[in-house]
Amino acid sequence: MSRRTEEVKKEIKVVRAKVHKKTTFFDLEVNGVKIYGCRFIEGSNGNFVGFPSYKSNTNDKYYNHVWVELSEEDVKLIDSQIDDLLDK
């Protein structure tokens, strides 16, 4: 069985953002679904979005509650929207 993947058009909007101890937390709306508690990380290998996660009691690993595939352009759009919200 072959899997066919198609590019899904995403409508992305940052609805709230705040900075706490050098970490930017924000809430994201993707195609009408709100995701609370995301983090924007400026890493040495580029910027990325951290989605809400929990730590397992059995193996001390972290697992995402939700995840959305984001392109580089999506991350740049999120960065821009966060900057706009924080500048207000």
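Me: Why is Tyr-54 called partly exposed?

Reply: Tyr-54 has 41% relative accessibility. Buried means under 20% relative accessible area, exposed means over 50%, and partly exposed lies in between (1.4 Å probe, protein chains only). So Tyr-54 counts as partly exposed. This is a predicted model: local features need pLDDT of at least 70, side-chain atom pairs count only at pLDDT 80 or more, and totals for chains, interfaces and linings use all residues. Residues are numbered from 1 along each chain as its sequence is written, and side-chain values use heavy atoms, with hydrogens and water left out.

Me: What makes Tyr-54 and Tyr-63 an aromatic pair, and why is the pair called tilted?

Reply: Rings of Phe, Tyr and Trp (its six-membered ring) pair if their centres lie within 6.5 Å. Planes under 30 degrees apart count as stacked, over 60 as edge-to-face, and the rest as tilted. Here the centres are 6.0 Å apart and the planes are at 35 degrees. The pair is tilted. The count by this rule is 1 aromatic pair.

Me: How exposed is Tyr-63?

Reply: Tyr-63 has a relative accessible area of 34%, so it is partly exposed.

Me: Why is Ser-56 called buried?

Reply: The relative accessible area of Ser-56 is 12%, so it is buried. Ser-56 sits in the loop between β5 (53–55) and β6 (62–64). Strands (E, at least two residues) and helices (H or I, at least four) are DSSP runs, numbered from the N terminus.

Me: Which side chains make polar contacts with the side chain of Ser-56?

Reply: The side chain of Thr-58 does, at 3.0 Å. So does that of Asn-59, at 3.2 Å. A polar contact is a pair of N or O atoms within 3.5 Å; within protein, one must be able to donate a hydrogen and the other to accept it, and residues adjacent in sequence count only if both atoms are side-chain atoms. Leaving aside neighbours within four places in sequence, Ser-56 is also in contact (heavy atoms within 4.5 Å) with Lys-61 and Tyr-63.

Me: What makes up the largest nonpolar core?

Reply: A nonpolar core is a set of buried Ala, Val, Leu, Ile, Met, Phe, Trp, Tyr and Cys residues joined through side-chain atoms within 4.5 Å. The largest has 15 residues. Phe-26, Leu-28 and Ile-78 have the most contacts inside it. β1 (12–20), β2 (23–30), β3 (33–43) and α1 (72–87) each give two or more residues to this core. Beyond neighbours within four places in sequence, Leu-28 has contacts that include Val-15, Ile-35, Phe-51 and Ile-78.

Me: Which strands are the edge strands of the open sheet, and what makes them edges?

Reply: The open sheet has 4 strands in the order β1-β2-β3-β4, with antiparallel pairing. β1 and β4 (46–50) are the edge strands, as each pairs on one side only. The twist averages 30 degrees from one strand to the next.

Me: How do you know that β3 pairs with β2 and with β4?

Reply: Two strands pair if DSSP finds at least two bridges between them. β2 and β3 are joined by 6 bridges. β3 and β4 are joined by 5. One example is Phe-40, whose bridge partner in β4 is Val-49. Thr-24 has Phe-40 as its bridge partner in β3.

Key: Axes are lines fitted to C-alpha atoms, for helices over the stretch in contact, and angles run from 0 to 180 degrees between N-to-C directions.
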